[in-house]
Amino acid sequence: MKYAFYPGCVSKGAAPELYRATIEVCKKLDIELDTETMEGASCTGSGVLQEKNEKLGDTLNARTFAMGENSGLPIMTICSTCQGVMSQARSRMADLEYRESVNSSLSDENLEYKGQAEPRHLLWIIIEDIGIEKFKEKIVKPLTGLKIAPFYGCYIVRPSDVLGFGENPERKHSLEMIIEAVGAEVADFPGKSACCGFPILTINEKNSMKMVSNHTLSAKKEGAVAMVTPCPLCHLNLDGYQPTASKQVGQPIDLPILHLPQLIGLALGIDPKVLKLNQHIINTESVVSALALTP
Amino acid sequence: MHVDLNIARFDPESGEKKPYREEFNIEVDETSTVLDGLIKIREEVDGTLGLRCSCRSAICGSCAMRVNGKAVLACNTKISDLVSDENKSINVEPVGNMKLIKDLIVEFDTHWQKIKAIEPWVKTDAPPPEAEYIASNESMMELIGVMGCIQCGACVSDCTVLAVDESFLGPAALAKAYRFLADPRDDANNQRLKDLNEPAGMWDCTRCMQCVEVCPKGVDPMGRIMKLRDFAMEAGYKNTTGARHAEVFSDIIKNNGVLNEFWLPVKTFGMFNIPEMLKLAPIGLKAMMRGKMPPIFYEKIPGSKNITKLFEKTKVV
């Protein structure tokens, strides 16, 4: 299985540990990553650019899709926000007339989005292309006894009609499926598909921090020893700003937040250091030591 | 068909201190909706069950409630879509983010206050015409979607910002504000944008799409809020953190193709905004200590010039 890898801005910038962990995990899962095809691909616009100019956002994504189509490889993402923004763009460009008008801007680079490329997150690829049973066979260090809270990130769950939940109903529970497949237990809590607060961090920090403390504390209440997310933007807020949220709410939180590939990597027996678990703001030592105690 | 409706109950008038759950095991038809099930319970099992409903046809907007954790109209939610051979249970709760009165009934007062606050009527400077106000078909086509709002409160219920801040205007009122801003007969755009640009207005939306997902009428409140932001920026209301964030974000992508997380907050707040810079510094320092400080120097993607060109080509008309 080979994919054109679209890492997204954050895994190349503020969350380098996600990029490293993805590379290591894909090696173990026999997922071959073509890292060159998407070198010239731009940001998806992240929904922010779309506030100003939706068509421009769609044009940038059509350009990325065309690069993927030219390589003949399916596109893999590792960010809920990239995934959602791309799926929304793809849904709008199902309209042929609109797609042609978008494509007309890409002719200078001889690029054309033909409507075939369908970017998918690593989370979905594991379930849909590898298969959950085959994935389980690769687990060498089951995370037995660890209770992990799922945190999806808005754009990988809504709007469900553009994310293909109809044809692929398991996408709705994909994160829980992975948590169980790696041998851990799901710490279910009401905020798992709510907003992490990152998009309003600079606009209304108080509200953003309330979201962080609500989610992390309610996950802890359900017994979570860590939270896992397929979205590096959620990670920035839930991990990077957890100390700020803790200060605002006036109580300690200290809940390690793992990127999806880091959780998988631990179960695949990859060294926590190689997975860059030491690059987090909230210390992940508690997870690593709990893991060391499991048989 | 058998179903177990697990209903959130609460009747403060009877001296109950807090909500509790009660399960009703009933037989319904294949075609029954959640509302049909609730009415059956009220008529045949427990006449004290409190709920609002009227048209039973997804027109009146009275029966919004949370079914299995998601705000829906009970009258257009079929029981057979929610149960399976293994699972016959359905959770029914009142809508969120509003004050509970009894069982599934909530107080809509704050919702209506917010709708009123956006002054939901056409304001014109010109003297009234002799007959009706005329608007073109095209302009009204754009408004039909948002005029379809039935004020059921589903979007308000599941709004993730209202869940942490009740002062936020919220998706329903902001979508209603868009309905008048985009109306060609309305002359109050400047005042409306000025008001909506204030804290707790258009910029406080976190773009989580809950409102888009739960709206039973396809109003797309968040899409309307994004258009409000666009209107505000186009009208020159650029001195908010939200507008600067969108502006700086766009400039970074235009010049480099990819985002730079170091400069995005710094430029959004402004380098000489000392209090904000002092707040950012310890976070930057922590990131640096973990070896994950975003690059201070811009990294461009190969062919970033092509991205710049696309920005120039795809200007908003």
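Modeller: Helices (H or I, at least four residues) and strands (E, at least two) are DSSP runs, numbered from the N terminus. Just after helix α9(B), G257(B) takes a positive phi of about 90°. The model is predicted: local features need pLDDT of at least 70, side-chain atom pairs count only at pLDDT 80 or more, and totals for chains, interfaces and linings use all residues. Residues are numbered from 1 along each chain as its sequence is written, while chains are lettered from A and ligands numbered from 1 in the order in which they are written.

Biologist: How many helices and strands are there in chain B, and what does its C-alpha trace span?

Modeller: Chain B has twelve helices and seven strands. Its C-alpha trace spans about 70 × 70 × 40 Å along the principal axes.

Biologist: What makes α5(A) mostly covered?

Modeller: A residue is buried if 20 or more other C-beta atoms lie within 10 Å of its own, exposed if 12 or fewer, and partly exposed in between, with C-beta atoms placed from the backbone. Eleven of the 13 residues of α5(A) are buried, among them C82(A), V85(A), M86(A) and R90(A). They pack against β1 (2-6), α1, α4, β3 (75-77), β4 (120-121) and α11 (232-240) of chain A. Such packing rests on contacts: two residues are in contact if their C-beta atoms, placed from the backbone, lie within 7 Å.

Biologist: Which residues of α9(B) are buried, and what covers them?

Modeller: The buried residues of α9(B) include T241(B), H245(B), F249(B), I253(B) and N256(B). Their cover includes α3 (48-52) of chain A, together with α8 (221-234), α10 (263-269) and α12 (304-313) of chain B.

Biologist: Why are α8(B) and α9(B) called roughly perpendicular?

Modeller: Axes are lines fitted to C-alpha atoms, for helices over the stretch in contact, and angles run from 0 to 180 degrees between N-to-C directions. Angles under 35 degrees count as roughly parallel, over 145 as roughly antiparallel, 65 to 115 as roughly perpendicular and the rest as oblique. The axes of α8(B) and α9(B) come within 11 Å and cross at roughly 85°. The two helices are therefore roughly perpendicular to each other. R229(B), A232(B) and M233(B) of α8(B) meet G242(B), A243(B) and A246(B) of α9(B) in this contact. By class, the contact has four nonpolar, one polar and one charged residues. Ala, Val, Leu, Ile, Met, Phe, Trp, Tyr, Cys and Pro count as nonpolar, Asp, Glu, Lys and Arg as charged, and the others, Gly among them, as polar.

Biologist: How many residues does each chain bring to the contact?

Modeller: Chain A brings 45 residues and chain B brings 51 residues. On the side of chain A, α3(A) gives the most, with five residues. That side has 19 nonpolar, 17 polar and nine charged residues.

Biologist: Why do β6 and β8 of chain A count as edge strands?

Modeller: Two strands pair if DSSP finds at least two bridges between them. The open sheet has four strands in the order β6-β5-β7-β8 (chain A), with parallel pairing. Strands β6 (185-186) and β8 each have a single partner strand, so one side of each is left without a neighbour in the sheet. Two bridges join β5(A) to β6(A), and I148(A) stands opposite V186(A) there. Three bridges join β5(A) to β7(A), where I148(A) stands opposite A226(A). Three bridges also join β7(A) to β8(A), and M227(A) has I257(A) as a bridge partner.

Biologist: How do you know whether β2(B) is covered or in the open?

Modeller: Of the eight residues of β2(B), residues 20-27, the number buried is zero, so this strand lies largely in the open. Strand β2(B) is paired with β1(B), residues 2-9, in the antiparallel sense over eight bridges. In that pairing, I7(B) has E22(B) as its bridge partner.
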